[in-house]
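Colleague: I'd like to learn how to read a few features of a protein model. Could you walk me through one?

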Amino acid sequence: MRFLVTRPQPECRRAADQIRAAGHIADEAPLLVFRAEAPAELDLKSVSALVFTSGRALEALAGHRQLDQLLDLPVFTVGDRTAAACRQAGFKSVSSANGNAAALVRLIAANRHIIEGGKILYPAARDRSADFEALLDARGIECETLVVYRMEAVAALAGDVRKTVCEGGYDGILVYSRRTAETLLQLLKSGCSDLIFSRLCVYAISQQAAEPLSGYMSVEAADVPSEKALMELVLGAC
């Protein structure tokens, strides 16, 4: 079977290699490209803790001149993979919600004593789905979002990938975020005028990622929003 993986690199290669290891063909077509844009000066006054929902934010801050100050702060993460990356980067106190945004908010609320009298700093992407400021504000916890990177959409699918999609050559397309789904739909509409969308099969990491495509093609979403669950869904269908 042949699959198309649309996740940004280097995660795209990792997912594709898992599919290849299972004996299938996997093409890599990252639809979003990472661009760091962390400010040169970080205002850390009154910051008591950090929250990371993506390893990308951590990557954007790598090498920042105030990194040593950040490393002394306790960290909350949405998942275990990001938590492991934080520990590897040198953060000393890291707690993982091992779940979704709601689970992360619950984790922070349960440890509000850590941020008593201060606020949480949320290094994040320019375009993001969860509004942590609002979610935490509802719990009486102050949170400041700091944009440190953006994910830039590609202008077009590579010629060979576009040809294979238009010819119905993929048994499944893996989608990892709502933004990726929106980008994929836009590229297919502009680049595959003869495509019969209903013939496409998409595997999405979450219902949120699946939603932009659900009215156009067959979409299955993982039971839980994790790479492991998505890969089990994909390989289980083979």
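Modeller: Let's begin with Ser 46, which sits in the loop between strand E3 (32-36) and strand E4 (47-52). Helices (H or I, at least four residues) and strands (E, at least two) are DSSP runs, numbered from the N terminus. This is a predicted model, where local features need pLDDT of at least 70, side-chain atom pairs count only at pLDDT 80 or more, and totals for chains, interfaces and linings use all residues. Residues are numbered from 1 along each chain as its sequence is written, and side-chain values use heavy atoms, with hydrogens and water left out.

Colleague: What is phi of Ser 46 near?

Modeller: Most residues other than glycine have a negative phi, and most peptide bonds are trans. Ser 46 has a positive phi, near 70°. For the peptide bond, look at Gln 9 and Pro 10: a cis bond joins them, with omega about 5°. Pro 10 is in the loop between E1 and helix H1 (11-21).

Colleague: Which cysteines form a disulfide?

Modeller: A disulfide is a covalent bond between the sulfur atoms of two cysteines. The cut-off here is a pair of cysteine sulfur atoms within 2.5 Å. The structure holds 1: Cys 166 and Cys 192, with sulfur atoms 2.2 Å apart. That pair links distant parts of the chain, 26 residues apart, with Cys 166 in helix H7 (residues 159-166) and Cys 192 in the loop between helix H8 (178-191) and E10. The link of Cys 166 and Cys 192 is left-handed, at -90° about the S-S bond.

Colleague: And the sheet: in what order do the strands of the open sheet run?

Modeller: Strands of a sheet pair through backbone hydrogen bonds, either parallel or antiparallel. Two strands count as paired if DSSP finds at least two bridges between them. Here 5 strands make an open sheet in the order E2-E1-E9-E10-E11, with parallel pairing. Strand E2 (25-28) and strand E11 (218-221) are the edge strands, each pairing on one side only. Strand E10 (residues 201-204) pairs with E11 over 4 bridges, and Ala 204 has Ala 221 in E11 as its bridge partner.

Colleague: Which helix packs on the sheet?

Modeller: Helix H10 (residues 227-236) does, touching strand E1 (2-5), strand E9 (172-175), E10 and E11. Contact means heavy atoms within 4.5 Å. The direction of H10 makes about 150° with that of E10; axes are lines fitted to C-alpha atoms, for helices over the stretch in contact, and angles run from 0 to 180 degrees between N-to-C directions.
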